[in-house]
Amino acid sequence: YKRQVVDEVAEERTDVKVGKVNVDEQLALAQRFGVSSIPLLILFKNGRPVAKALGYRPKAEIQELLKDL
């Protein structure tokens, strides 16, 4: 994801936590969540992954995905 899009969503949606992971530095975490391609967006609810979106997504689409949480 473009850094700007992720940062904008994080600033606008203070009701959700937004984090970014460098999979080269966090290989174990990437393996844990089955990251085989990037960019990858993983949505969590109550600490559990509930949805994945592979590939770049525009900001509006990310916002739409967050509505279901």
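**Close-up views of a predicted model**

View 1. Numbering starts from 1 along each chain as its sequence is written, and side-chain values use heavy atoms, with hydrogens and water left out. Of its 31 lining residues, G19, K20, L40, L41 and I42 sit closest to the centre. (A pocket is an open set of points on a 1 Å grid where a 1.4 Å probe fits, with protein on both sides within 12 Å along at least five of seven lines; lining residues have an atom within 4 Å of a point.

View 2. Strand β1 hands over the largest share, six residues. (Helices, H or I of at least four residues, and strands, E of at least two, are DSSP runs numbered from the N terminus.)

**View 3. K59 and E12 join two helices.** Salt bridges number six in the structure, and in this one the closest N and O atoms of K59 and E12 are 2.6 Å apart. K59 belongs to helix α3 and E12 to helix α1, so the contact ties together parts 47 residues apart in sequence. E8 joins in as well, making a salt-bridge network with E12 and K59. K59 is partly exposed at 22% relative accessible area, and E12 is partly exposed too, at 45%. (A salt bridge needs a Lys or Arg side-chain nitrogen within 4 Å of an Asp or Glu carboxyl oxygen; buried is under 20% relative accessible area, exposed over 50%, partly exposed in between, using a 1.4 Å probe.)

View 4. E61 and R57 pair up with 3.0 Å from N to O. E61 is partly exposed at 34%, as is R57 at 22%. In the other bridge, K67 meets E64 at 3.4 Å, N to O. Both of these residues lie in helix α3, three residues apart, about one turn of the helix. K67 counts as exposed at 61%, whereas E64 is partly exposed at 47%.

View 5. The structure has one aromatic pair: F33 and F44 sit edge-to-face, 5.3 Å centre to centre with 90° between the planes. F33 is in the loop between α2 and β1 and F44 is in strand β1, eleven residues apart, so the pair links distant parts of the chain. F33 is buried at 19% relative accessible area, while F44, at 35%, is partly exposed. (Phe, Tyr and Trp rings, the six-membered one for Trp, pair if their centres lie within 6.5 Å; planes under 30 degrees apart are stacked, over 60 edge-to-face, the rest tilted.)

View 6. The I38 to P39 peptide bond is cis, with omega near 0°, and P39 is found in the loop between α2 and β1. N46 has a positive phi, near 55°, although N46 is not a glycine. N46 lies in the loop between β1 and β2 (48-54) and is exposed, at 75% relative accessibility.

Notes: Predicted model: local features only at pLDDT ≥ 70, side-chain atom pairs only at ≥ 80, totals over all residues.
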